[in-house]
Amino acid sequence: MNYPQLLAQLNELSDTEYRSFHKKLLNNPSVNVLGVKVPQLRKLARQFCGDNQIFFFPDDYYEVTFIKLTVASLKSFDEFIALSDMCVSLIDNWATCDCFKAKCISAHRQEFLTYIEKYLLDEREFVKRFALTTLLDFYVTEEYLETIFSALARVDTRQYYVHMAAAWLMAEVLVKFYDRGLSFLKECRLDRLTHNKAISKARESLRLSSAQKNNLNNLKR
């Protein structure tokens, strides 16, 4: 399938009402949206598995980039690594970022840490967010808690979508490893806004007890 053929399929699947809704949700007026839903995009992506021509298509539309990153996420670790920097550089909104989950990372977490470190230190908002959401998706285990704490303490959270991802990651740590997360919060290594947002997000979870939630609330700064 070439680029004009892909665009033709995307236009056939587009929904004007969904396009309007999703474009508002992305909160980035520079992103061109056709209005195709995620299950349909993932189905289209499967047609490009084993065919790397998708990576040479222009990124004129949200949907094309989404398909491109979905194809990359289905590749083997070595193939994914070769594409990783290019793919991450294409992320310009929270939805593309949060849906970009390369399953191969789960079996190569230690090897991918150097990439996470590089992305954490990048100046681009969604590159940093990708580093944090990758930690959230694949690293919230006892083995990698110190790695997560180090990342949270060092990442620049002044950009909104980085701040929100950091709070989300910290909240998940609190839900899964409450005592360790609590100890980290008490060290006050997060900026005040991220610290408080993480507490708010953790308190929304049904996996924490009322006592735990009250204890967290008392730690707000």
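**Close-up views of a predicted model**

View 1. At 15% relative accessibility, Glu 172 counts as buried, because the cut-off for buried is under 20%. Lys 176, at 43%, counts as partly exposed. This is a predicted model. The two side chains meet in a salt bridge, 3.5 Å from N to O. Glu 172 and Lys 176 lie four residues apart in helix 10, so about one helical turn separates them.

**View 2. Arg 189 and Glu 187 form a salt bridge.** The N to O distance between these side chains is 3.3 Å. Arg 189 is partly exposed, with a relative accessible area of 38%. Glu 187 is partly exposed as well, at 47%. Elsewhere, salt bridges that share partners join Glu 172, Lys 176 and Arg 207 into one network.

View 3. In total, the structure holds eleven salt bridges.

**View 4. The largest nonpolar core has 80 residues.** Leu 10, Ile 67, Phe 112, Leu 132, Tyr 139 and Met 170 have the most contacts inside this core. Helix 10 (residues 160-176) supplies the largest share, eleven residues. In soluble globular proteins, nonpolar side chains tend to be buried together.

**View 5. Surroundings of Tyr 139, a residue of the largest nonpolar core.** Neighbours within four places in sequence are left aside here. Tyr 139 is then in contact with Ile 105, Arg 109, Phe 112, Leu 113 and Ile 116, among others.

View 6. The structure holds zero disulfides. The cysteine sulfur closest to that of Cys 49 belongs to Cys 104. The gap is 13 Å, too far for a bond. Cys 87 is in no disulfide either. For Cys 87, too, the nearest cysteine sulfur is that of Cys 104, 11 Å away. Cys 87 counts as buried, at 0% relative accessibility. Cys 49, at 40%, counts as partly exposed.

Notes. Residues numbered from 1 in each chain as written. Predicted model: local features only at pLDDT ≥ 70, side-chain atom pairs only at ≥ 80, totals over all residues. Heavy atoms only, no water. Core = buried A, V, L, I, M, F, W, Y, C linked by side-chain atoms within 4.5 Å. Buried < 20%, exposed > 50% of the residue type's maximum accessible area, 1.4 Å probe, protein only. Helix = DSSP H or I, 4+ residues; strand = E, 2+ residues; numbered from the N terminus. Contact = heavy atoms within 4.5 Å. Salt bridge = Lys/Arg side-chain N within 4 Å of Asp/Glu carboxyl O. Disulfide = S-S within 2.5 Å.
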